[in-house]
Amino acid sequence: MSGTEEHLLARVALTWLAEPGTWSVHRLVEQLGPVAALDLLLDGGAPDSVLRSAVAARSAAGDARAVAEQALRRTERLGARMITPEDEEWPVQVADLRALRLSGTGRRVDLETAPPLCFWVRGAWPLGEALARSVAVVGARAATPYGTHVATELGYGLADRDWTVVSGGAFGIDSAAHRGALTAGGLTVAVLACGLDRPYPMGNAALFDRIAETGLLVSEWMPGAEPLRPRFLIRNRVIAAATTGTVLVEASARSGATQTLNRAIGVGRPAMVVPGPVTSAMSVGAHEALREHEKARLVTGTAHVLEEVGRIGYDLAPPARAPERPRDQLDDEAALVLEALPRRKAIGLERVAARAGVDLRTAMRKLSMLEELAMVVRRDEGYALAPPPERGTGGGRAPTGVSPGPPAAPPS
């Protein structure tokens, strides 16, 4: 066996002996290398009692190297591949997990947040290239129609602008984001909490196959690994660190998706939250994230997301504005003259000037301009407001510099 194969086998064995993210294993690999670290653990030399117990329990179920060899054969049959930090396509940004420290918690999944030892990948794209320009879109499994709509729009909009959409492949928000990206013909990556041959949920098996055809399926667990509950939270640290930013679309008070947002903040990534109805239980976690984290930004669409993750000075969201009306372009005197005209009758020039508080010459000049703009009509008894256009008609000419607005969207 070559040195490269031995190193790969050791990394696989280590991920089987201890769950991904275990700091003591990560430190041993950094200090000794994967082969020596594996030898030390199998000889009972783990640096702490928790790891020693885990290694002993797994070793009682089988030989770590034999399990690793079987996993590699299974990977090949699956048409997948394994990558390690030594590979060119390794996403180097996951190393930022070294700086992740989550305060106020004693749970193991919040403490054991070390960078991955390896990844299993299914799909043709180089992983590092796919994740270099990526955004995570995460949220509730029991998504509302509102949340599903927003996630689909975000997935489509980001993919349409050549950003990779990353999520966890679950029902609800995850699936909507993946499908939005696929509909746009873009790239999407599903980061799983189980083996690549054990798609979870099974109801999304067809979706996973579509993602593998044009994007990537990624996991830290070897083929055959089950989707155990703690593994979803372990997986979430990778989604947060591997992407340029994370968007939380919907989340209940106890949603695991909020933990992905916490981890994104912890590694210095932009954290974004889509607001929802205050009456919805699926908005509670999202709104609390906005209240608790001063670094979390409220976003309402693709333009806002790109402003947070895109190039400084280039990907700016346009300011929200109401539709522009012709009278918005009037100067102050013209606006005063227009407001001076009563709604249902005509009045003479002198009364217009008096009501507007301008001199006669100014009133005459502004009335002529307003008449030219089809906003005022002249009658025998004086000046009056032009009648509103009939429904379906153009309604006169717009003043210079006023856009009539975008064309109507085609029917969906």
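User: How many cavities of 30 Å³ or more does the structure hold?

Analyst: The structure, a predicted model, holds three cavities of 30 Å³ or more. The general idea comes next. Rolling a probe the size of a water molecule over the atoms shows where empty space is left.

User: What volume does the largest cavity have?

Analyst: The largest cavity has a volume of about 60 Å³. Its lining includes Leu14, Thr15, Ala18, Glu19, Pro20 and Gly21. Thr22, Val25, His26, Pro115, Pro116 and Leu117 also line the largest cavity.

User: Which elements give two or more residues to the lining of the largest cavity?

Analyst: They are α1 (3-17) and α2 (23-32).

User: What is the lining of the largest cavity by class?

Analyst: Seven residues are nonpolar, four are polar and one is charged.

User: Let us go on to the second largest cavity. How much space lies in it?

Analyst: The second largest cavity holds about 50 Å³ of space. By class, its lining has twelve nonpolar residues, with no polar and no charged ones. Among the lining residues are Pro91, Val94, Phe119, Val166 and Val218.

User: Which elements each supply at least two residues of that lining of the second largest cavity?

Analyst: There are α7 (127-131), β5 (188-192) and α11 (229-242). The largest share comes from α11, with three residues. Val238, Ile239 and Ala242 are part of the lining of the second largest cavity, and each of these three is listed as buried in α11.

User: How should I read a helix such as α11?

Analyst: Start with the general idea. An α-helix has 3.6 residues a turn, so residues three or four places apart point the same way. Now the case here. α11 is mostly covered, with twelve of its 14 residues buried. The buried residues include Arg231, Phe232, Leu233 and Ile234. Arg235, Asn236 and Arg237 are also buried in α11.

User: Which residues are linked with Arg231 in a network of salt bridges?

Analyst: Arg231 is linked with Glu19 and Arg58 in that network. Glu19 also lines the largest cavity.

User: How many salt bridges does the count come to?

Analyst: The count comes to 17 salt bridges. Take one pair. Glu30 and Arg98 meet through their side chains in a salt bridge, at 2.8 Å from N to O. Glu30 lies in helix α2 and Arg98 in the loop between β1 (81-83) and α6, so this pair ties together parts that are 68 residues apart in sequence.

User: Are Glu30 and Arg98 buried or partly exposed?

Analyst: Glu30 is partly exposed, at 48% relative accessible area. Arg98 is also partly exposed, at 41%.

User: Which side chain meets Arg269 in a salt bridge?

Analyst: Arg269 meets Asp96, at 2.9 Å from N to O. Arg269 lies in the loop between α12 (257-266) and β8 (271-273), and Asp96 lies in the loop between β1 and α6, so the pair ties together parts that are 173 residues apart in sequence. Arg269 counts as buried because its relative accessibility is 13%, where buried means under 20%. Asp96 is partly exposed, at 34%.

User: Where do Arg263 and Asp110 lie?

Analyst: Their side chains meet in a salt bridge, at 2.5 Å from N to O. Arg263 is in helix α12 and Asp110 in helix α6, and the pair links distant parts of the chain, 153 residues apart. Arg263 and Asp110 are both buried.

User: What does the side chain of Glu112 reach?

Analyst: Glu112 reaches the backbone nitrogen of Trp23, at 2.8 Å. Glu112 lies in the loop between α6 (108-111) and β2 (119-122). Beyond its neighbours within four places in sequence, Glu112 is in contact with Gly21, Thr22 and Trp23. Gly21 and Thr22 also line the largest cavity.

User: Is Thr302 buried or exposed?

Analyst: Thr302 is buried, with a relative accessible area of 12%. Thr302 lies in helix α14 (residues 302-309). Leaving out residues up to four places away in sequence, Thr302 touches Glu153, Leu154, Gly157, Leu158 and Arg161.

User: Where is Ala54 found?

Analyst: Ala54 is in helix α4 (residues 49-61). Ala54 counts as partly exposed, at 29% relative accessibility. Ala54 and Glu308 are 41 Å apart in space, C-alpha to C-alpha, and 254 residues apart in sequence.

Notes: Residues numbered from 1 in each chain as written. Predicted model: local features only at pLDDT ≥ 70, side-chain atom pairs only at ≥ 80, totals over all residues. Heavy atoms only, no water. Helix = DSSP H or I, 4+ residues; strand = E, 2+ residues; numbered from the N terminus. Buried < 20%, exposed > 50% of the residue type's maximum accessible area, 1.4 Å probe, protein only. Contact = heavy atoms within 4.5 Å. 1 Å grid on protein atoms, 1.4 Å probe; cavity = no way out; pocket = protein on both sides within 12 Å on 5 of 7 lines; lining within 4 Å. Points joined across faces, edges and corners; volume = space filled by probe spheres on them. Nonpolar A, V, L, I, M, F, W, Y, C, P; charged D, E, K, R; others polar. Polar contact = N/O pair within 3.5 Å; in protein donor to acceptor, adjacent residues only side chain to side chain. Salt bridge = Lys/Arg side-chain N within 4 Å of Asp/Glu carboxyl O.
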